[in-house]
Amino acid sequence: MENRQPAEKAPINLLRGWPNPSLLPVAQIKAASAAALSQPDVATPGLLYGPDPGYEPLRKGICTLAPRIPTVAAGRYPSNPKRICITGGASQNLACLLQVFSDPLYTSFIWQVSPTYFRVCPIFEDNAFHGRLRSVPEDDEGIDVDFLKIRLQEADDDKSVPKGPWRKVYRHIIYAVPTFSNPSSRTMSLRRRRQLVQVARQHDALVITDDVYDQLQWPAQRLSTSSRLEHAVLPRVVDVDRELDGGTDRPGVDGFGNAVSNGSFSKIAAPGIRCGWAEGTEKFTHALSQCGGSASGGAPSQMTSTFMTHLLQTGELEKHIFNTLQPAYARRYHSMMNAIECHLVPLGVTLPQSHRDVVGGYFLWFALPKPLLADEVARVAFRDESLIIGQGPLFAVHGDERKEDLERQIRVCFSWEEEDSLAQGIERLARVISRILHGQTSHPNGDSFAEGTVAHHHS
């Protein structure tokens, strides 16, 4: 069988998890920066070292998100600035959380929902947890809590772990993206969120949730009268921890809680902003604000915090989310989903949580029909169709013994490419799958595509 030459086609990249440049609020950020820098009472503190918890007007502004923008369910859990700490974005803050609340001499393992965001593993490993990352499988309700309970108990039975140090350090760290997960696109049910908090409390675990896609949501049905959804369907895990069974101030606990929400403006404004926030109990966020790397240089993102404050106070951020992002991503999602249902489902491809009322995020995740393997499909797609996709093994927890569970999984992104390229990309993928199923393509040689190119894709 003859070898195919690289296709003379415009490349389509369904791996890159970035916003399309047309969706960046350039004019709004330009106006916000000009307004901030033209006011001495804003510009001066913005250009100096900031207070440890972050720029207070932004912390207050983030509190106003609660009743209008879906960070919490229908505004039932109003925030206050003392529960919020400004960060340099979700990734930078994850490293800070580990520096403050974990200790490799005491913290047993890092537990990650699998499949996981592929760039999070090096952050854990850089904090001395190499070889101590553990995966927890998902089902249609999200994290498998029964599996997690068994493994946590096994770890706690290990008597070789020393007693805790003087500061607040957790025995376990659990990492998850509960809403519109990257990469699996799943949303964790309310029942599982409650169970997860209960398990975390039983085993002295901190649940770190990347709540970065919550605002990017729309009805699953394309014919819905509006794509605007102002309130979350579910509370965040940090909200569950705040109110479940007496909450974080119940008698006999230390007040730090067992959950923290890692928020970011990267998905709702622009990733180059490098500004976000953490929300937890007042004791927790105070301790986080004392992270040495942050406190030494003042609060992260002090100048950009003034820009984001302006966007919040003027309502421009809300307009951008509801009038630009939600409608645009809804169109993109439905364009790709229609193509998947038309071209891939007849070939045996299956998707998780196919009966949801509300969907969102950046990604779609699906399983290939047997005996296809995602690595092979990705290599052939790149070679023959100039198509870049995310193969399941890329999203395995490092060192995961169950990596083979992801061998038939594919992640595609609808946020980056131009809208008219999304369906075309799925059509190219369908041709690849069909040819491989019918034995009409040669097996590609060489290393996995992801091994050589993934450094250029940040989500």
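The model is predicted: local features need pLDDT of at least 70 and side-chain atom pairs count only at pLDDT 80 or more, whereas totals for chains, interfaces and linings use all residues. Residues are numbered from 1 along each chain as its sequence is written, and side-chain values use heavy atoms, with hydrogens and water left out.

View A. Rings of Phe, Tyr and Trp (its six-membered ring) pair if their centres lie within 6.5 Å; planes under 30 degrees apart count as stacked, over 60 as edge-to-face and the rest as tilted. By this rule the count comes to 16 aromatic pairs. One of them is the edge-to-face pair of Trp18 and Trp416, with 5.4 Å centre to centre and 80 degrees between the planes. This pair links distant parts of the chain, 398 residues apart: Trp18 is in the loop between β1 (12-13) and α1 (26-37), and Trp416 is in the loop between β15 and α15 (419-437). Helices (H or I, at least four residues) and strands (E, at least two) are DSSP runs, numbered from the N terminus. Trp18 counts as partly exposed, at 28% relative accessibility, whereas Trp416 is buried, at 18%. Buried means under 20% relative accessible area, exposed over 50%, and partly exposed in between (1.4 Å probe, protein chains only).

**View B. Phe395 and its surroundings.** Phe395 is found in the loop between β14 (390-391) and β15 (409-413). Phe395 is buried, because its relative accessible area is 0%. Not counting residues up to four places away in sequence, Phe395 touches Pro115, Thr116, Phe118, Pro183, Trp365, Gly390, Leu406 and Arg411; contact means heavy atoms within 4.5 Å. Tyr117, Phe118, Trp365 and Phe395 form one aromatic cluster.

**View C. Two cis peptide bonds.** The peptide bond from Ser114 to Pro115 is cis, with omega near 10 degrees. Pro115 has its place in the loop between β3 (109-114) and α6 (121-129). A cis peptide bond also joins Lys370 and Pro371, where omega is about 5 degrees. Pro371 belongs to the loop between β12 (363-367) and α14 (374-385).

View D. The 13 residues of helix α8 (residues 190-202) should span 18 Å at 1.5 Å a residue, and the end C-alpha atoms are 19 Å apart, which agrees. The expected span is 1.5 Å times one less than the number of residues. Buried residues of α8 are Arg192, Arg193, Leu196, Val197, Val199, Ala200 and Arg201. Their cover includes β4 (133-139), β5 (142-143), α7 (145-156), β6 (172-176), β7 (205-210) and α9 (237-243). Asp204, in the loop between α8 and β7, has a positive phi of about 55 degrees although it is not a glycine. Asp204 is partly exposed, with a relative accessible area of 23%.

**View E. The open sheet and its edge strand β2.** Eight strands form an open sheet in the order β2-β10-β9-β7-β6-β3-β4-β5, with mixed pairing. β2 (84-87) and β5 stand at the edges, each with a single partner strand, so one side of each is left without a neighbour in the sheet. Two strands pair if DSSP finds at least two bridges between them. Four bridges join β2 to β10 (residues 276-279), and these strands run antiparallel. Thr87 stands opposite Gly276 in β10. Helix α10 (residues 282-289) lies across β2, β7, β9 (259-264) and β10, at about 30 degrees to β2. Axes are lines fitted to C-alpha atoms, for helices over the stretch in contact, and angles run from 0 to 180 degrees between N-to-C directions.
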